[in-house]
Structures are given as structure tokens and as C-alpha cells.
Amino acid sequence: MSSSSSDKVRASHILIKQEGSRRKASWKDPEGRIISNTTRDAAVSRLKALRDDILSGKSKFEDVASRYSDCSSAKRGGDLGSFERKQVEDLGFVAELGAIGSKRNERKKKLLKERKRNTKRQRAPF
């Protein structure tokens, strides 16, 4: 599928903060006690386990995001809203609708799910 930079993408994510995170607090850990004691490797391991549960069908992405994500988007099942495709390419744009990709940097570990492309008017299958 060819795309232009004006394509719109609706994305969701699951964010796991860790000791290297710039802001060591979240909606579920307001004082940052757990985040401050979470190593980078532990955050990566947690995301891999969550991803396996989602891909196996054991859990739904939105349910996992609501329960485990450190982002305030957790209250929306991880939904980040719509963006220009070009805006999210740096975040690890997921090439296939409904696919789950991962993105890590020194401060944040996350799973990304493309939910919808406005150019095709499709919804993700889960």
C-alpha cells in the first residue's frame, strides 16, 4: 500500500516507565516508587510478556493497556487519537493495520498498535 505523509493514523500504546524515565510518576504510581525500582530489562520483559498475551489471544490490547500502561491514555485503552502518519513514523509506525510493534528508547518502553487509517476507513481486527 502506498501512502503519503497526509495519511491519518489512529494509534494506541502501552507504556511501561522505568528507572531511566524522565518523569517517574504515573496515574497508577503517583509517587514513582515502583517506576524508580523498575529496571530497563524488567520493563522490556514485562512488555514482551504482555505482547505475547495479546498476540496469543489471551488478552485484548485495550484491556492490557487499561491495566498496565503508565500513560494516562490507559483510561482510554491506550488510545492516543489520530495523527498524521508522518508524526508517528518516529514513534515506530506499524506498517500493517492491527499489527503490534514495539518501540524503546532509554526512558520509555512501549507497544504500539495502529487502530485505524483514515485513508482506508478500516478498523483493526481486535
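A salt bridge is a side-chain nitrogen of Lys or Arg within 4 Å of a carboxyl oxygen of Asp or Glu. In this predicted model, the structure holds two salt bridges, one of which joins the side chains of D70 and K28 with an N to O distance of 4.0 Å. The largest nonpolar core is made up of nine residues, and α2 gives the most to this core.

**Salt bridge between D70 and K28**

- The D70 and K28 side chains meet at 4.0 Å, N to O; D70 lies in the loop between α3 (61–68) and β2 (79–84), whereas K28 lies in the loop between β1 (8–17) and α1 (33–36), so the pair ties together parts that are 42 residues apart in sequence.
- D70 has a relative accessibility of 8% and counts as buried, while K28, with a relative accessible area of 35%, is partly exposed.

**Salt bridge between E31 and R33**

- E31 forms a salt bridge with R33, and the closest N and O atoms of this pair are 2.8 Å apart.
- E31 counts as exposed at 59% relative accessibility, and R33 is likewise exposed, with a relative accessible area of 59%.

**Nonpolar core**

- The nine residues of the largest nonpolar core are I14, I16, A43, L47, L50, I54, F61, V64 and A65.
- At least two residues of this core come from each of β1, α2 (40–56) and α3, and α2 makes the largest contribution, with four residues.
- In soluble globular proteins, nonpolar side chains tend to be buried together.

Terms used. Residues numbered from 1 in each chain as written. Predicted model: local features only at pLDDT ≥ 70, side-chain atom pairs only at ≥ 80, totals over all residues. Heavy atoms only, no water. Buried < 20%, exposed > 50% of the residue type's maximum accessible area, 1.4 Å probe, protein only. Core = buried A, V, L, I, M, F, W, Y, C linked by side-chain atoms within 4.5 Å.
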